[in-house]
Structures are given as structure tokens and as C-alpha cells.
Amino acid sequence: MERRIVILEFCIAVILSITALCLMTVILRRKSLLKIWKQSPGLSLFLGSITLLVAFNGILSIEWIFFAFGLIENVPENTVLLIFTSHVAVLTSLLHNCTTIALFAHRIHCLLYPAKYAKKFNYIVIGVLGLFWVAGAITMTCVLIYSVIGNPNPVPEGCYSFNCTSAYTGAVRIVCTDVLIISVTCVLTLLGSYMIYLYHKYRKREYSVQERKTNTFTLYVFYVRFLCTTVPFFCEFMLSTIANIGLGKIIGPYGAVGALIDNLLKIFAYYLVTRPQKKVVSIASLNKLS
């Protein structure tokens with residue numbers, strides 16, 4: 001893995017992270033997460049989780065930059081630090097995926113049953129997904145701790161991501177990638193596809209301004225995620241499984257950049273959809289006022 005390419009990619013990731021956090025700050029100054037929660041709990045959790053995810057990915061990128069420059073010494077103690085931060089980012093990513101499922105499920109419910117038991121449905125979905133995330137987080141943490149204890153080795157030469165450290169054992173790969181990530185990705189893809197079908201089926205229905213904005217944003221979320229995350233993930237999975245080709249070893253930690261591009265585009269889409277509309281005053285109205 002070329003060191004200069006790795007540093008460049010992580011620098012881009014840091015820039016994307018800072019940009020996304022600045023944009024998120026502007027959004028939350030307009031309306032806090034608490035106010036958004038009162039309107040849509042799923043959307044509030046989605047925005048909160050994506051903010052945490054962007055922050056942790058930025059911190060992780062900075063750590064790897066320091067490691068690449070030798071500011072973080074390659075010793076087992078520092079390996080644990082890098083692995084811990086990577087693990088927190090993975091758990092936050094799983095949380096964000098769960099909130100995305102909740103967001104899609106809420107949209108599907110609203111399209112199928114407008115204004116019927118939406119609040120109760122939200123709490124049920126959030127509760128179920130919350131339990132799933134807690135169970136997944138505990139399982140992943142236990143497996144990782146066991147792997148780290150059994151392999152307290154420094155980061156291998158030329159390694160600049162969690163996937164090539166000694167902690168990324170077969171058990172970690174099976175739990176994280178083969179079970180959790182693939183299953184969650186499939187659920188998100190199926191729900192998103194069904195949501196798009198329902199949206200086009202009921203496109204002639206009269207929606208409020210807020211409902212129309214939420215529908216538009218949710219569609220953007222699905223399209224952006226599908227292009228920036230789902231397609232690259234399955235391409236890499238197929239290449240690594242069938243041809244035993246690891247793209248990360250060739251072009252560096254592109255996943256960090258791709259994930260942050262994905263998150264930045266989602267945040268930017270929400271910013272555009274919810275930005276205040278400028279009031280247009282007609283010339284006739286001005287003449288009346290004068």
C-alpha cells in the first residue's frame with residue numbers, strides 16, 4: 001500500500017469530515033435535534049448518528065495520518081488505540097445503518113397508512129432496532145477483545161487500516177462483514193427499493209410541504225447510499241471472495257473517503273431540502289404597498 005496515496009486519501013477524508021460537520025452545525029442551528037425528534041424520531045436519530053459517524057471517521061483518519069508520519073509509534077499499545085477508534089467508528093456506522101432502516105420504515109408506513117399510528121409505529125421500530133444494535137455491539141466488542149488479547153502485535157508494515165491489523169481475524173470478519181454488514185445492507189436495499197416503489201405509486205397523492213420534503217430527502221438518502229456505499233461494498237466483497245483481490249491493498253483506504261462522501265452528500269441533501277425559501281414579492285403587491 002503506497003504511503004503517499006494513503007496519506008492523501010486520509011487528508012481528503014479529514015477535509016470531508018470537517019466540511020460535513022460545519023454543514024451539520026448550520027443545519028442544527030436552524031432546528032435542533034430535539035425539535036426534529038418531536039416531528040420525526042427516526043429522522044432525528046438519523047441526523048444525530050450521521051454526525052457522530054462523521055466525527056469518529058475524521059478522528060480515525062487523523063490517527064492514521066499521525067501513524068503514517070511516525071508520530072504514533074508502531075507498538076502494541078498504540079495498535080490497541082487504533083483498533084479501539086476503528087471499532088467505535090464501526091459501531092457508530094452500525095447505529096447509523098439502524099437509524100436509516102428506521103427512517104425508511106417510517107416513510108413506508110406513512111406512504112401506506114397516512115396519519116395512522118405513526119408515533120406508535122416509530123417507537124416500536126426504534127425499540128427493535130435499538131435492541132438489535134445493542135446486541136450487535138456487544139457481540140462485536142466481545143469478539144474483538146478476544147482477538148486483540150490473542151494477537152497483541154504491532155501494525156504490519158504497509159498497513160494503514162483496521163482490516164490488515166492482527167485483530168482482524170476470521171471471527172471478526174465473519175461477525176462484522178459476513179453477518180451484520182451484509183444483512184443490514186440487504187435490509188436497507190430492500191426497504192429502500194420498496195419505498196421508491198410506493199413513492200411512485202402514490203406520487204399523485206396530496207402531501208404537505210413537510211411530507212414532500214421528507215419524501216424527497218429520504219429518496220436522496222437511498223440513492224446516495226446505494227451509489228456510494230452499497231455498490232462499492234458488494235464489488236469489493238465479490239472481488240475479495242471470488243478473485244481474492246483486496247482493493248484496499250491496491251488503492252489504499254478508499255472506504256474511508258467513500259463513506260465520508262456518502263455522509264457529506266446526505267447532509268448536503270438535507271441542507272438543500274430544508275433550507276428556508278426566499279419570499280418572492282410581486283410587483284403588483286409592491287405597487288399596492290406604495
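User: What pattern does the chain follow along the sequence?

Analyst: Reading along the sequence gives α-α-α-α-α-α-α-α-α-α. That is ten helices and zero strands. Keep in mind that this is a predicted model.

User: How much of the chain is buried?

Analyst: Of the 290 residues, 42% are buried.

User: What share of the contacts comes from residues 24 or more positions apart?

Analyst: They account for 81%, counting contacts with a separation of 6 or more.

User: Switching topic. Which residues does UniProt annotate as "transmembrane region"?

Analyst: The unreviewed UniProt entry gives 6-28, 40-67, 79-104, 124-149, 179-199, 220-245 and 251-273. Such annotations may be inferred rather than shown by experiment.

User: Take 40-67. How much helix is there, and how far apart are the ends?

Analyst: Residues 40-67 are 96% helix and 0% strand. Their end C-alpha atoms lie 41 Å apart.

User: What about 179-199?

Analyst: That stretch is 100% helix, with 0% strand. The end C-alpha atoms are 30 Å apart.

User: Which residues lie nearest its centre?

Analyst: Gln39, Ser40, His106, Arg107 and Glu211, out of 16 lining residues.

User: How does the lining divide by residue type?

Analyst: Six nonpolar, six polar and four charged.

User: Which helices each supply at least two residues of that lining?

Analyst: H2 (33-39), H4 (76-112), H5 (118-150) and H7 (209-243).

User: You listed Ser40. Where is its place in the chain?

Analyst: Ser40 sits in the loop between H2 and helix H3 (41-68).

User: Buried or exposed?

Analyst: Ser40 counts as buried, because its relative accessibility is 9% and the cut-off is under 20%.

User: How far is Ser40 from Thr214?

Analyst: In sequence, 174 residues. In space, Ser40 and Thr214 are 9.6 Å apart, C-alpha to C-alpha.

User: Last one, Thr100. Which helix does it lie in?

Analyst: Thr100 is part of helix H4.

User: And why does Thr100 count as buried?

Analyst: Because its relative accessibility is 0%.

User: What is Thr100 in contact with, leaving aside neighbours within four places in sequence?

Analyst: Thr100 contacts Phe46, Leu188 and Val221.

Terms used. Residues are numbered from 1 along each chain as its sequence is written. This is a predicted model: local features need pLDDT of at least 70, side-chain atom pairs count only at pLDDT 80 or more; totals for chains, interfaces and linings use all residues. Side-chain values use heavy atoms; hydrogens and water are left out. On a 1 Å grid over the protein atoms alone, a cavity is a set of points where a 1.4 Å probe fits but cannot get out, and a pocket is an open set with protein on both sides within 12 Å along at least five of seven lines; lining residues have an atom within 4 Å of a point. Helices (H or I, at least four residues) and strands (E, at least two) are DSSP runs, numbered from the N terminus. Ala, Val, Leu, Ile, Met, Phe, Trp, Tyr, Cys and Pro count as nonpolar, Asp, Glu, Lys and Arg as charged, and the others, Gly among them, as polar. Buried means under 20% relative accessible area, exposed over 50%, partly exposed in between (1.4 Å probe, protein chains only). Contact means heavy atoms within 4.5 Å.
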